[in-house]
Amino acid sequence: MDPEDAEELAAELHGKTVDGWGLFQIAAGTGLTAYVVWAGILMPGFRKVPLRLQVPYVPASVKQVENVMSLLKGRSGKLVDLGSGDGRIVLEGYKQGFRPAIGYELNPWLIRLSSYHAWKAGCYGKVSYHREDLWKVNLSDCKNVTVFLAPSVLLLLERKLLMELPEDARVVAGRFPLPSWIPTTTDGEGVNQAWAYDIKTIRETEQDKSEGSPV
Ligand SMILES: C[S@@+](CC[C@H](N)C(=O)[O-])C[C@H]1O[C@@H](n2cnc3c(N)ncnc32)[C@H](O)[C@@H]1O
């Protein structure tokens, strides 16, 4: 907010013009509000997560959810959304027939919001949202994994997925592709794009790379 707007806003609020001290109070108040929203609503539960692995909450767009789901079409079994936010991908996965449909999310407010959305959709108790650090979840029986996380953590995530997922698993990444993997297919464009990766193919490619053969 520039000083003129701030002065105008303050004048409207107090019915009078403000001096420099008034402006300082507004600026400090705005900063404090931003901090309270950040620390109290967006990032609780992250105290034990190293700063470089912290990912803020941004929900997938309707189109992004559609694209993620289209890349899972024809598949079944367990679906897991890592960093499930308000639970929209998990809920849509359940509606598309995935069982069980599970979300892992650190932020307790978002877990509550997810349960509310599930209840509103008549799916309360049918989908599960766990308050758990995604880095500590064992993924060895997850056939369908969805992620929408910051690019800064995706290289590390590739390593975890490669180590733990079963051979027939498919990973679908929304908004940001997995940095070193070649996708089997993709859908959508721009901020709504999603990429699908089949673990069997990724492992074969990684094997070829480590043996030094051209890919
Ligand atoms: C970009 S949002 C995506 C939300 C949801 N998957 C969607 O597509 O709408 C990423 C989410 O991951 C959560 N998250 C980040 N790091 C996490 C961690 N280590 N364990 C569990 N959840 C995490 C954040 O709280 C945030 O809600």
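Reader: How many bridges join S6 to strand S7, and in which sense do the two strands run, parallel or antiparallel?

Author: Strands of a sheet pair through backbone hydrogen bonds, either parallel or antiparallel. In this predicted model, S6 and S7 (residues 194-198) run antiparallel and are joined by three bridges. Thr186 has Trp195 of S7 as its bridge partner, and Asp187 stands opposite Ala194. The hairpin of S6 and S7 has six residues between the strands, and Gly188 takes a positive phi near 80° there.

Reader: Which sense of pairing is found between S5 and S7, and over how many bridges?

Author: S5 and S7 are antiparallel partners as well, over five bridges. Here Val172 stands opposite Ala196 of S7.

Reader: In what order do the strands of the sheet lie?

Author: The order is S3-S2-S1-S4-S5-S7-S6, an open sheet of seven strands with mixed pairing. S3 and S6 (185-187) stand at the edges and have a single partner strand each, so one side of each lacks a neighbour in the sheet. From one strand to the next, the twist averages 20°.

Reader: Which way do the residues of S7 point, and are they buried or exposed?

Author: In a regular strand the side chains alternate between the two faces of the sheet. In S7, Ala194, Ala196 and Asp198 point one way, whereas Trp195 and Tyr197 point the other way. Five of the five residues of S7 are buried, which leaves the strand mostly covered.

Reader: Which strands does helix H3 lie across?

Author: H3 lies across S1, S4, S5 (170-174), S6 and S7, and runs at about 160° to S5. Asn67 is a residue of this helix. Asn67 counts as buried because its relative accessibility is 5%, and buried means under 20%. Beyond its neighbours within four places in sequence, Asn67 is in contact with Asp187, Gly188, Asn192, Gln193 and Ala194. Among these contacts of Asn67 is Gly188, the residue with positive phi in the hairpin of S6 and S7.

Reader: What joins the side chains of Thr146 and Asp81?

Author: The two side chains are joined by a polar contact of 2.8 Å. Thr146 belongs to strand S4, and counts as buried because its relative accessibility is 1%. Leaving aside neighbours within four places in sequence, the residues in contact with Thr146 are Val68, Leu72, Leu79, Val80, Asp81, Leu82, Ile89 and Val172.

Reader: Which residues of helix H4 are buried?

Author: In H4 (residues 88-95), the buried residues are Ile89, Val90, Leu91, Gly93 and Tyr94. Their cover includes two helices, H3 (62-70) and H5 (108-120). Strands S1 (79-82), S2 (101-105), S3 (128-131) and S4 (144-147) are also included in that cover.

Reader: Where is Arg175 found, and what is its phi?

Author: Arg175 is in the loop between S5 and S6. Its phi is positive, about 70°, although Arg175 is not a glycine. With a relative accessible area of 21%, Arg175 is partly exposed; the cut-off for buried is under 20%.

Reader: How many residues surround the ligand, and which are the closest?

Author: The ligand is surrounded by 23 residues, and the closest are Ala60, Asp81, Gly83, Glu105 and Asp133. Asp81 is also the residue whose side chain makes the polar contact with Thr146.

Notes:
Residues are numbered from 1 along each chain as its sequence is written. Side-chain values use heavy atoms; hydrogens and water are left out. Buried means under 20% relative accessible area, exposed over 50%, partly exposed in between (1.4 Å probe, protein chains only). Helices (H or I, at least four residues) and strands (E, at least two) are DSSP runs, numbered from the N terminus. Contact means heavy atoms within 4.5 Å. Two strands pair if DSSP finds at least two bridges between them. Axes are lines fitted to C-alpha atoms, for helices over the stretch in contact, and angles run from 0 to 180 degrees between N-to-C directions. A polar contact is a pair of N or O atoms within 3.5 Å; within protein, one must be able to donate a hydrogen and the other to accept it, and residues adjacent in sequence count only if both atoms are side-chain atoms. A residue is near a molecule or strand if one of its heavy atoms lies within 4 Å of it.
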